[in-house]
Amino acid sequence: MFNQATVIRSVLNPKYLEFVLSDQYDIGPWEECLFWLRGLNDTYRVTTSTGMFILRVYRTEIAENDVRYELSLLSQLKGILGSSVYTDIGEYIEKKDRTGYTVLEAAEGKRVAVMFRYIEGIENNLEDEQSCYAFGQSAAELHKAMDQVVLEQQRYELDTKLLIDEPLERIINYIGEKNEAASFLHTFARELKERITAVSRQGLDFGLSHGDMHGNNNAFQQGNQFIHYDFEWAARGWRAYDLAQVKARKRQSGEQKEVLWSALMAGYRSVRSFSAEDEQAVDLFIIARRFWVMGLDVAFIESDMGALDYGSDWLNNFVEEFRDAGLVG
């Protein structure tokens with residue numbers, strides 16, 4: 001199997017993408033296709049005679065059914081939020097044949113490509129009470145709209161299996177059971193899971209969620225509307241997990257965080273309910289998100305980031321952070 005050169009993750013040539021895709025969209029002649037951003041997926045900025053667009057080429061792990069789920073969600077949300085005051089969705093562009101995606105044969109396997117409308121606007125760092133109140137209204141409108149969405153595709157849930165069990169397995173496989181941090185991480189993950197299970201029995205709000213509600217995906221603003229996009233991780237989960245990612249934003253000054261969070265909660269509750277139990281669970285989900293991020297780091301070491309920056313310093317920083325969380329004595 002490994003007696004010849006193999007590819008784990010390629011970067012597709014923009015000229016190739018133009019050759020393959022330019023005739024499939026009714027967006028005018030392509031003037032430029034620029035490799036824009038390497039993230040979990042690859043992003044290209046496409047300029048045509050009619051304007052700018054964003055082309056996403058998903059990594060091979062994202063299957064056609066995953067993309068169909070995301071596009072179906074976007075289509076329904078666009079319709080539900082059509083007259084919304086606070087919220088809009090980053091929409092995808094249909095191809096001439098009325099389908100939403102193309103399967104490309106890359107060196108490492110099949111990769112799905114989708115064209116999105118370019119989002120004009122400014123990034124709001126949520127650094128004042130008015131902005132946070134407005135974002136809270138928008139996040140609530142998004143969740144309210146998601147309650148009306150009906151999706152037929154099978155999907156994982158943003159539960160303790162995805163947030164804790166699977167990351168733990170990846171992390172331990174990477175550092176090894178004999179690593180001195182392994183015992184602590186097992187204990188920490190078990191305690192975190194038990195606490196989330198306990199609070200979830202209180203009837204936390206659980207439903208279709210964005211799944212990745214950090215600033216880069218949700219804080220672009222056009223007028224009074226926040227534009228939500230990148231729904232790759234959308235699935236059923238705790239709404240407190242969505243909002244935990246907003247509360248944990250690092251761009252806000254420390255002394256202002258509680259005031260800004262209170263403004264965000266007030267804005268959210270002006271649109272839909274969010275119980276005291278849900279709010280109390282947010283800090284627990286901030287910790288769960290960080291554990292998930294640690295597992296995500298490991299998942300991309302081999303195919304993208306390399307091991308150099310993910311050695312003892314990386315591990316010790318996470319262990320220290322998790323010790324400071326106070327879950328394990």
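At 31% relative accessibility, Arg38 counts as partly exposed, a class that lies between buried (under 20% relative accessible area) and exposed (over 50%), as judged with a 1.4 Å probe and protein chains only. The side chain of Arg38 meets that of Asp42 in a salt bridge, with 3.6 Å from N to O; such a bridge is defined as a side-chain nitrogen of Lys or Arg within 4 Å of a carboxyl oxygen of Asp or Glu. The model is a predicted one, in which local features need pLDDT of at least 70 and side-chain atom pairs count only at pLDDT 80 or more, whereas totals for chains, interfaces and linings use all residues. Residues are numbered from 1 along each chain as its sequence is written, and side-chain values use heavy atoms, with hydrogens and water left out.

A search of the whole structure finds 29 salt bridges. Side chains of opposite charge can pair when their charged atoms come close. Asp230 forms a salt bridge with Arg56, and the closest N and O atoms of this pair are 3.2 Å apart. The two residues come from distant parts of the chain, 174 residues apart, since Asp230 lies in the loop between S11 and strand S12 (235-238) and Arg56 lies in strand S3 (residues 51-57); here strands (E, at least two residues) and helices (H or I, at least four) are DSSP runs, numbered from the N terminus. Arg56 has 9% relative accessibility and therefore counts as buried. A further salt bridge is found between the side chains of Arg155 and Asp66, at 3.5 Å from N to O. Arg155 is placed in the loop between H3 and strand S8 (157-158) and Asp66 in helix H2, so this pair ties together parts that are 89 residues apart in sequence. Within the pair, Arg155 is buried, with a relative accessible area of 18%, while Asp66 is partly exposed, with a value of 24%.

Helix H2 (residues 64-80) also holds Glu70, which counts as buried at 2% relative accessibility. When its neighbours within four places in sequence are left aside, Glu70 is in contact (heavy atoms within 4.5 Å) with Arg56, Tyr58, Phe116, Asp230, Phe231 and Glu232. This list includes Arg56 and Asp230, the two residues that form a salt bridge with each other.

Strand S3, the location of Arg56, runs antiparallel to strand S6 (residues 109-117) and is joined to it by five bridges; strands are taken to pair if DSSP finds at least two bridges between them. Leu55 has Met115 as its bridge partner in S6. Strand S6 is likewise joined by five bridges to S5, again in an antiparallel arrangement, and a hairpin connects S5 to S6 through two residues. In this pairing, Glu105 stands opposite Lys110 of S6.

An open sheet of four strands, with mixed pairing, has the order S4-S11-S10-S7. Strands S4 (87-89) and S7 (122-123) stand at the edges with a single partner strand each, so one side of each is left without a neighbour in the sheet. Helix H3 (residues 129-146) packs on the sheet and touches S4 and S11, its direction making about 50° with that of S11; the axes are lines fitted to C-alpha atoms, for helices over the stretch in contact, and angles run from 0 to 180 degrees between N-to-C directions. Strand S10 (residues 220-222) and strand S11 (residues 225-228) run antiparallel and are joined by three bridges, with Phe220 opposite Ile227 in S11.

Arg98 is found in the loop between S4 and strand S5 (102-106) and counts as exposed, at 64% relative accessibility. Leu126, located in the loop between S7 and H3, is buried, with a relative accessible area of 1%.
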